[in-house]
Amino acid sequence: MRGSALLCTVAWTALGASQAIGQATVPLPGQPARGAPVTTPAAPVETSSQPPATVPLPTVGVPQVPLGRHGRPDINPYERDVDMTVPLTYRNRGLGDIPVKLTFDDRLVVETETFIKLITPLLNDQALAALKTKLTGKTFTAEDLAATGVALEYDPSTLSVVVLQIDPSQRSVEQLFAPPRADRDDINLQPAGFSAYLNLNLIQSYYWEGDGTDPPTVALNGAIRYKGIVFEGDGQFSQELGLNDSSYRFDRNFARFVYDEPDDFRRWYLGDLTPETRGQQSFVQIGGIGVTRQRRRFNSFRSAVLQGNRQLVLQRQSTVRVMRNGVLYRELRLDAGSYDFSSLPLVTGSNDVQIEVRDNGGLVQNLSYQTYLDPIDLDPGDHEFAAYLGPTDRSFGRSPTYGGPVAFSGFWRKAFLDRPAIGVGLQASRKIQTLTGQTQFVLSRGGRLLLDGGVSNADNVGQGFSAGLSFDQLMDRGGRIDGFTIRADYLSKKFATLGNPEGINSTAWSLSSQYSRTFSDKLLGIITASYLSTRGNQGNSYRIGTSAYYRFSPKWTVRAGVDYTRFPNSFARGDGLGFTLSIAFQPDYRRRAELRHESSTETTQLSYTQSNLNEINSVGFGGLVTRQDEEVSAQGFADYVGNRFDASVSHAAYGQGLSSFGNVNVSTVRVGTTLAFADGHFGVGRRINDSFMLLYPHDNLGKRSVVAGQSLAKNDYISKSGTLGAAVNNFLSSYVAQSVSYDVDDAPTGYDTGPGVVRVKPPYRSGYAMRIGTDAFVSAVGTLVLADTKPVSLVGGRVFALGEQAAEPVPFFTNSVGRFAIANLLPGRRYRVEVYGMPQGFEFEVPDASDGLVQLNTITLPKPN
């Protein structure tokens, strides 16, 4: 990670470029970097059929540069051509880096191919085609853009090229409130063709009284991925506790094949299935084949947005106020052009949107429309489905045996743009069939009415039905959202499902409601009520209660509540009037202490927890003391995070009172580790839940270790390579673009380990193998001066490896004092440097035994004529 500080210190000062090439251990003198911030440009969207009028935009934000001797702004004070790579910006937004040339007579020459690539997101199709026709050469000048509607200027104060103007009629539709797009992720590493991992956890408990100990429990969990097909499994060796069988044996929780089609949001299963259900459907485990389609599985960070292609056309610079449900959501200052606001975030339920446009001339226009967002985890206009087929499992707590009848379980749901969402579900076997349905009516101002029902037919009990009705209302009070919900459900006596084939429904009616109100940033109040009507002589039960949360400070919170509960059995614990009082102290995100008392169950509890940092050698611990009636219990625990494993230990003591406390004692130890493999490389680490990466050092790094983690400051990393193989980054999530940071522990001076971060978007349960380091790891540094000792400042050039006919030259730069750095050099090779504008360059050789840094000291060039 060290080669790029060398390059950045030299080249950034000279060029203002926005990207770094690597990391370096030896900083070079230079000025602080200056440059425009880089953000993601808006994606091109189809233009509106109503083009805006052409209004010239003011050239704001570019300092005025005095004229030079050639009658142009003096952008190049060196009186010779200077090749540079600089940021291209538009309205304080970075578009990317672009190669340019500042000529001796103060003209700006721009590379055509890169410019077209960077400007494309800002132009509509017609304007882009016209620009490509105009710019046919490899380079162009700013003057060549005349009559194209686009204007450029070089800003020497920020070392950047600024797009001063784009004619509004030529701009693409800019998306406001747009969520991140997957195609903008700079993914630069692909997963291994074959990868596998196995999580191992050993749990051992010791009973200080009685027989002492049972055999340990060994939990196994893992996956194998090959060419997109995943086999995953989970199970454990444990003592089976029962009246007739107490054998030590292995039980399988699941074993199945999984295949994903992420472009279609589809996943296929074969083996032990865990069917997803919706509405009034019931769960039953099936062995067979299944398929699901869910956008959220492959895009977990989708926004709740409207997708209606709504556009706003501004003919001149304007102030736009967006009101959502009567509350100001955002105020924007926009240039003339077309804007797409279909990605405006919505709240669940009804959304009354009003847009006020006030232009520079004082004209005010108001637009309004009503839409809604279905709270069913679907994008508006999207759909989802699931289908599972196979024999059912009737066992409980053991390996599935699938001795039940062959059954089907599935559902289909659709969220419309202009109509309420609907959902239908079917579960069926030869003896039982259940059909369910859902729909809803979205009301004004955040209200919703949901209808839910089902009908069933079972050979044993006949026909039955179920029905559900709920209403919820959200109230937006200027950023503080209150909520009210009420739901009623009914189950007929004979309503049967795959999970309840006998139709045993002891509950007939259930009713629940809740109202929450945010009084201030510190005070929250909640009122809840529930009622349960049962069949037979069991009687009914109900509960009503209220509670409040108040934050005295960022560290102290108090909760108080009172409730009244009535159960059918008068001897049930918690019956009658009761209250709850708790106070919590949380000085930071790791530590929390709480004292709580519940009068209804006569329970008092004191707890403290300090979580670990999930970094190597971090420790977490805590304790819990509880008194309930006359029973007293206490438990203490601690956990440790190592490089190759994690472990925890706990001890619990019980007693019927203070005098007998400690009569029962149990101690438990758990140790967990993971074996990971990817494309021929192996590593031992900590538990992998989804995807992982193995990072291992290049052979020329010797015994030095690679460290990986989210933060490398102060040696805070999550894994480290060594005797047991590669460093294991075990925290990668599938179908989410994320960064993996790495470094080399005590790398040689000047050794180039790369950029220090890699971007990945892992498939499901995938593995990566990445080698850190390279054969071309040497960096050379020096100072370039003329014969009169004047530094050769701010010049460019090229570096060639002599004898390497196929090798591409790399750029060469000096800073304002003539300092330079050249990275990615091979030991034992000779290199030649050509300096632009100089009659001759220089050569140097990298020794075979170089450890990473070559000091070229001062190199003198003859003064040009």
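**Entry 1: a pair around a loop**

How exposed is Arg-107, as relative accessibility? I looked this up first, keeping in mind that the model is a predicted one. Arg-107 has 26% relative accessibility, so I noted this residue as partly exposed. Then I turned to Asp-105, which has a relative accessible area of 12% and is therefore buried. The side chains of Arg-107 and Asp-105 form a salt bridge, with 3.3 Å from N to O.

I also checked Asp-106. Asp-106 sits in the loop between β2 (93–102) and β3 (108–111). Its phi is near 70°, a positive value although Asp-106 is not a glycine. At 5% relative accessibility, Asp-106 is buried.

**Entry 2: salt bridges elsewhere**

How many salt bridges does a search of the whole structure find? I wrote down 29.

One of them joins Arg-765 and Glu-232, whose closest N and O atoms are 2.5 Å apart. Arg-765 belongs to the loop between β44 (757–760) and β45 (767–772), while Glu-232 belongs to strand β10 (residues 229–239), so this pair ties together parts that are 533 residues apart in sequence. Are Arg-765 and Glu-232 buried or exposed? I found that both Arg-765 and Glu-232 are buried.

Next I looked at Glu-845 and Arg-830, which meet through their side chains in a salt bridge of 3.6 Å, N to O. Glu-845 is in strand β51 (residues 842–845) and Arg-830 is in strand β50 (residues 830–835), so the parts tied together here are 15 residues apart in sequence. Glu-845 has a relative accessible area of 47% and is partly exposed. Arg-830 is partly exposed as well, at 34% relative accessibility.

I also came across a network. Salt bridges link Glu-276, Arg-278, Arg-297, Glu-384 and Arg-413.

Strand β47 (residues 796–801) pairs with β48 over four bridges, in the antiparallel sense. Opposite Arg-798 I found Pro-811, in β48.

A reminder to myself: strands of a sheet pair through backbone hydrogen bonds, in either a parallel or an antiparallel way. I then found an open sheet of four strands in the order β41-β40-β43-β44, with antiparallel pairing. At its edges stand β41 (719–720) and β44, and each has a single partner strand, so one side of each has no neighbour in the sheet.

Within this sheet, strand β40 (residues 706–709) and strand β43 (residues 738–744) are paired antiparallel over four bridges. Which residue of β43 is the bridge partner of Val-707? I noted Asp-743.

**Entry 3: nonpolar cores**

I asked where the nonpolar residues gather. The largest nonpolar core has 42 residues, and those with the most contacts inside it are Met-693, Leu-695, Leu-784, Phe-812, Phe-842 and Phe-844.

**Entry 4: two helices**

What is the angle at which helix α2 and helix α3 pack? I found about 175° between α2 (residues 112–119) and α3 (residues 125–134), with their axes 11 Å apart. This makes α2 roughly antiparallel to α3. From α2, the contact uses Phe-115, Ile-116 and Ile-119, and from α3 it uses Leu-128, Leu-131 and Lys-132.

**Entry 5: one more positive phi**

My last stop was Asn-824, in strand β49 (residues 819–825). Asn-824 has a phi near 60°, again a positive value in a residue other than glycine. With a relative accessible area of 37%, Asn-824 is partly exposed.

Conventions: Residues are numbered from 1 along each chain as its sequence is written. This is a predicted model: local features need pLDDT of at least 70, side-chain atom pairs count only at pLDDT 80 or more; totals for chains, interfaces and linings use all residues. Side-chain values use heavy atoms; hydrogens and water are left out. A salt bridge is a side-chain nitrogen of Lys or Arg within 4 Å of a carboxyl oxygen of Asp or Glu. Buried means under 20% relative accessible area, exposed over 50%, partly exposed in between (1.4 Å probe, protein chains only). Two strands pair if DSSP finds at least two bridges between them. A nonpolar core is a set of buried Ala, Val, Leu, Ile, Met, Phe, Trp, Tyr and Cys residues joined through side-chain atoms within 4.5 Å. Axes are lines fitted to C-alpha atoms, for helices over the stretch in contact, and angles run from 0 to 180 degrees between N-to-C directions. Angles under 35 degrees count as roughly parallel, over 145 as roughly antiparallel, 65 to 115 as roughly perpendicular and the rest as oblique. Contact means heavy atoms within 4.5 Å.
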